[in-house]
Amino acid sequence: MSRSVRTRPEGSGQALSEAYDTALLDLDGVVYAGGSAIEHAVESLAAAREGGMRLAYVTNNALRTPDTVAGHLTELGIPTGAEDVITSAQAVARLISEQVPRGARVLVIGGEGLRVALRERGLEPVESADDDPVAVVQGYGGPDLPWGRFAEASYAVARGVPWFASNTDLTIPSGRGIAPGNGAAVEVVRIATGAEPQVAGKPLPPMHRETILRTGAQRPLVVGDRLDTDIEGAFNGEVDSLLVLTGVTDGAQLLAAPPQHRPTYVDADLRGMLGGQPDVVEAGEGAFRCGGWTARAGAERLELDGEGEALDGLRALCAAAWSAAGAGTCGLDGGKALARLGM
């Protein structure tokens with residue numbers, strides 16, 4: 001059975017922290033940026049937790065161990081245990097363990113997070129293509145990962161050793177800007193070998209499966225800032241999602257989102273978890289209203305009338321754009337309408 005195409009953000013008369021039992025939160029761009037907590041994150045997460053919502057932190061970054069991530073969050077004022085952190089390293093380690101014998105050697109191109117996750121699954125990390133590995137796993141290893149590590153991966157993959165990647169995010173945010181991510185490193189090995197890896201991280205099913213197995217969530221809400229990982233991952237897992245605008249996604253990207261990138265809810269930051277969400281309603285003749293704003297798809301551009309909260313205007317514009325696009329991507333110019341909203 002095919003899924004219906006989302007044509008507008010949903011409303012909720014109940015606080016999201018009460019409507020869902022577990023928040024599956026991305027980290028970079030949602031909880032922190034450049035190592036520092038994003039504004040309103042600490043107090044919003046505390047309020048959600050005190051209200052009974054479980055908080056789990058789900059990251060495609062395979063460099064740090066769950067213990068390290070939990071320690072960082074705790075230092076920021078967000079009490080967290082290692083069991084509350086799910087990484088793409090854990091997801092890819094499980095994927096590998098299902099295909100190779102226990103105790104098998106795995107060539108690691110990445111950081112300590114991968115090594116810890118492999119050992120958790122009874123696998124032995126090794127450093128060289130000459131160590132007779134039965135698999136190669138590649139994950140983000142930080143900005144100082146030596147170029148020679150990619151050569152080791154290429155030698156093994158070229159010999160026919162199965163190749164796995166924690167994720168294929170092309171970029172990763174840093175305190176100084178946007179840096180190359182693991183996906184960029186994966187491209188190096190792909191170019192050298194012509195091979196394709198099995199990928200575990202968001203937005204693919206192995207990551208969602210790992211998250212549900214570790215959290216036991218019955219009604220999860222994915223909270224993220226990226227359309228192509230967080231929101232698409234929720235779409236693939238057939239669960240609801242909240243996009244927060246504290247990270248990489250801007251208004252123009254949201255309006256142009258294809259169906260798999262359209263979130264259930266849209267809000268400015270993590271305070272959106274603590275309240276309901278306004279309804280977006282049809283206003284006749286192809287128009288949609290949210291709050292004091294009315295949006296419609298014109299002949300060449302998206303049109304916006306009214307006044308009120310900027311987020312309500314964005315929600316109305318999403319409905320106009322997504323309805324016009326249907327199962328495709330909206331190509332109408334939304335620049336003038338977004339400028340009215342200061343976006």
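Analyst: Helix 6 crosses helix 7 in a right-handed sense. The model is a predicted one. Helix 6 covers residues 148–158, and helix 7 covers residues 182–193. Their axes lie 9 Å apart, at an angle of about 45°. An angle of 65 to 115 degrees would be roughly perpendicular, and one under 35 degrees roughly parallel. The two helices are therefore oblique to each other.

Now the residues that touch. Helix 6 contributes Phe 150, Ala 153, Ser 154, Val 157 and Ala 158. Helix 7 answers with Ala 185, Val 188, Val 189, Ala 192 and Thr 193. Eight of these contact residues are nonpolar and two are polar. None is charged.

Next, the aromatic rings. The whole structure holds two aromatic pairs. One joins Tyr 20 and Tyr 265, edge-to-face, with 6.3 Å centre to centre and 80° between the planes. This pair links distant parts of the chain, 245 residues apart. Tyr 20 sits in the loop between helix 1 and strand 1, while Tyr 265 belongs to strand 15. Tyr 20 is buried, because its relative accessibility is 2%. Tyr 265 is buried too, at 4%.

Trp 147 and Phe 150 also pair. Their ring centres are 5.3 Å apart and their planes stand at 85°, so this pair is edge-to-face. Trp 147 is exposed, with a relative accessible area of 64%. Phe 150 is buried, at 10% relative accessibility.

Note on methods:
Residues are numbered from 1 along each chain as its sequence is written. This is a predicted model: local features need pLDDT of at least 70, side-chain atom pairs count only at pLDDT 80 or more; totals for chains, interfaces and linings use all residues. Side-chain values use heavy atoms; hydrogens and water are left out. Axes are lines fitted to C-alpha atoms, for helices over the stretch in contact, and angles run from 0 to 180 degrees between N-to-C directions. Helices (H or I, at least four residues) and strands (E, at least two) are DSSP runs, numbered from the N terminus. Angles under 35 degrees count as roughly parallel, over 145 as roughly antiparallel, 65 to 115 as roughly perpendicular and the rest as oblique. A crossing is left-handed if the near helix is turned anticlockwise from the far one by less than a right angle, and right-handed if clockwise. Contact means heavy atoms within 4.5 Å. Ala, Val, Leu, Ile, Met, Phe, Trp, Tyr, Cys and Pro count as nonpolar, Asp, Glu, Lys and Arg as charged, and the others, Gly among them, as polar. Rings of Phe, Tyr and Trp (its six-membered ring) pair if their centres lie within 6.5 Å; planes under 30 degrees apart count as stacked, over 60 as edge-to-face and the rest as tilted. Buried means under 20% relative accessible area, exposed over 50%, partly exposed in between (1.4 Å probe, protein chains only).
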